[in-house]
Amino acid sequence: MAMKRENQKLPGVDESYRLLSFEYAFRQVGFIVLLGIIIAAIAGLFSRGWISDTVRKNSAASLSINYERFGRRETETRMALAFPVKTEGKYVLSMTSESSDVYEPGSVWPQPDAMFSRGNTLYFVYNSLKKSDSFSILLFTTPSRAGKWHTILRVNDEPEINIWQFIYP
């Protein structure tokens, strides 16, 4: 048995049934949206996690990178690069971005013998690497601008790896 709307009014209170219905619907949708944001954050849509962590290899499988696909501006991100040292000698890792001010380089381990940039490309030079199945480099960068950025990584004259990262403001 439904009550009439006139009987539900309190004296001295002017309520809008339309606005109360809107508030109720907004709370229901808001809870679902909030739950979706929490699940996305746990999964790694905004930084480290199942969705964000990615491994890419070049076409010759001679270079691999483990990196975070999603990050936040002014928050350090980690890239782990690995490649085999087939012959002893000089190896040059190059990292080319769309713009020279997209990333600020941070710590590099092991430290290169030389590091320099030309245009939008940053070079890491290792002069005397010993033969090994896998040489690993940890590179920490800090994104300085928000947006979707493409980066190309290459070791010597081997095939390149194209990666993208989405940086939140």
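Contact, in this presentation, means heavy atoms within 4.5 Å.

The model before you is predicted: local features need pLDDT of at least 70, side-chain atom pairs count only at pLDDT 80 or more, and totals for chains, interfaces and linings use all residues. Residues are numbered from 1 along each chain as its sequence is written, and side-chain values use heavy atoms, with hydrogens and water left out.

I turn to the overall form. The protein chain has two helices and 11 strands; these are DSSP runs, numbered from the N terminus, with helices being H or I of at least four residues and strands E of at least two. Along the principal axes, the C-alpha atoms fill a box of roughly 90 × 30 × 25 Å.

Next, the interior. Of the 169 residues, 33% count as buried, that is, under 20% relative accessible area with a 1.4 Å probe, protein chains only. The largest nonpolar core has 26 residues, of which Ile-65, Met-79, Leu-81, Phe-83 and Ile-137 touch the most other members. Such a core is a set of buried Ala, Val, Leu, Ile, Met, Phe, Trp, Tyr and Cys residues joined through side-chain atoms within 4.5 Å. Strands that each supply at least two residues of this core include S2 (64–68), S4 (77–85) and S9 (132–143).

Which residues does Phe-83 touch, not counting those up to four places away in sequence? Among them are Ser-62, Leu-63, Tyr-91, Leu-129, Phe-135, Ile-137 and Val-155.

Key. Buried means under 20% relative accessible area, exposed over 50%, partly exposed in between (1.4 Å probe, protein chains only).
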